[in-house]
Amino acid sequence: GQAMAKEVRIFSPLLTIPGSLVLVGGALYSWMRSRATYNLFIAAGTVVIAASGSLARLGWSGA
């Protein structure tokens, strides 16, 4: 969380939060239409990566 300049870290949530929501929403929508299991894996992986990034930003780098 400290590798980038403060100005970049301020705008980071404005891009990552909507991007994660669009990716999870798109994967779930695609799953609803096709019932293909891999879309659930994409959604779950996105949630894990987003949660880990949020925890790392809050200081828990073990995530």
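## Helices and overall form

Helices here are DSSP runs of H or I with at least four residues, numbered from the N terminus. With that in hand, let's walk through this predicted model. Its secondary structure comes to two helices and zero strands. The radius of gyration is 14 Å, well over the 11 Å that the globule rule gives for 63 residues, so the protein is more spread out than a compact globule.

Two further values fill in this picture. Taken along the principal axes, the C-alpha atoms fill a box of roughly 40 × 25 × 10 Å. Buried residues make up 10% of the 63 residues.

Helix H2 covers residues 37-57, which is 21 residues. From its first C-alpha to its last it reaches 31 Å, close to the 30 Å expected at 1.5 Å a residue.

Which residues of H2 are buried? They are Asn 39, Ala 43 and Thr 46. These residues cover an arc of only 60° around the axis, which puts them on the same side of H2. The buried residues of H2 pack against helix H1, which runs over 6-34. On the other side of H2, Tyr 38, Phe 41, Val 48 and Ile 49 are exposed. Beyond the end of the helix, H2 is followed by Gly 59, whose phi is positive, near 110°.

What does Thr 46 contact, leaving aside its neighbours within four places in sequence? The partners are Ser 20, Leu 23 and Val 24.

Ser 20 shows the view from the other helix. This residue is found in H1, and at 22% relative accessibility Ser 20 counts as partly exposed. Not counting residues up to four places away in sequence, Ser 20 touches Thr 46 and Ala 50. Ser 20 and Val 47 are 27 residues apart along the chain, yet their C-alpha atoms are separated by 7.7 Å.

## Arg 35 in the loop

Arg 35 has its place in the loop between H1 and H2. Is this residue buried or exposed? At 53% relative accessibility, Arg 35 counts as exposed. Its backbone also deserves a look: Arg 35 has a positive phi of about 60° although it is not a glycine.

The side chain has a partner too. Arg 35 lies over the face of Trp 31, at 4.5 Å from the ring centre.

## Met 4 before H1

Finally, a stop at the start of the chain. Met 4 lies in the segment before H1, and Met 4 is exposed, with a relative accessible area of 53%. How far are the C-alpha atoms of Met 4 and Ala 43 separated? The distance is 27 Å, for two residues that are 39 residues apart along the chain. Ala 43, for its part, is one of the buried residues of H2.

Definitions and conventions. Residues are numbered from 1 along each chain as its sequence is written. This is a predicted model: local features need pLDDT of at least 70, side-chain atom pairs count only at pLDDT 80 or more; totals for chains, interfaces and linings use all residues. Side-chain values use heavy atoms; hydrogens and water are left out. A charge sits over a ring if NZ of Lys or CZ of Arg is within 6 Å of the ring centre and within 35 degrees of the ring normal. The expected span of a helix is 1.5 Å times one less than its number of residues. Buried means under 20% relative accessible area, exposed over 50%, partly exposed in between (1.4 Å probe, protein chains only). The arc is that of the directions from the helix axis to the C-beta atoms. Contact means heavy atoms within 4.5 Å. The radius of gyration is taken over C-alpha atoms; the globule rule is 2.2 Å times the number of residues to the power 0.38.
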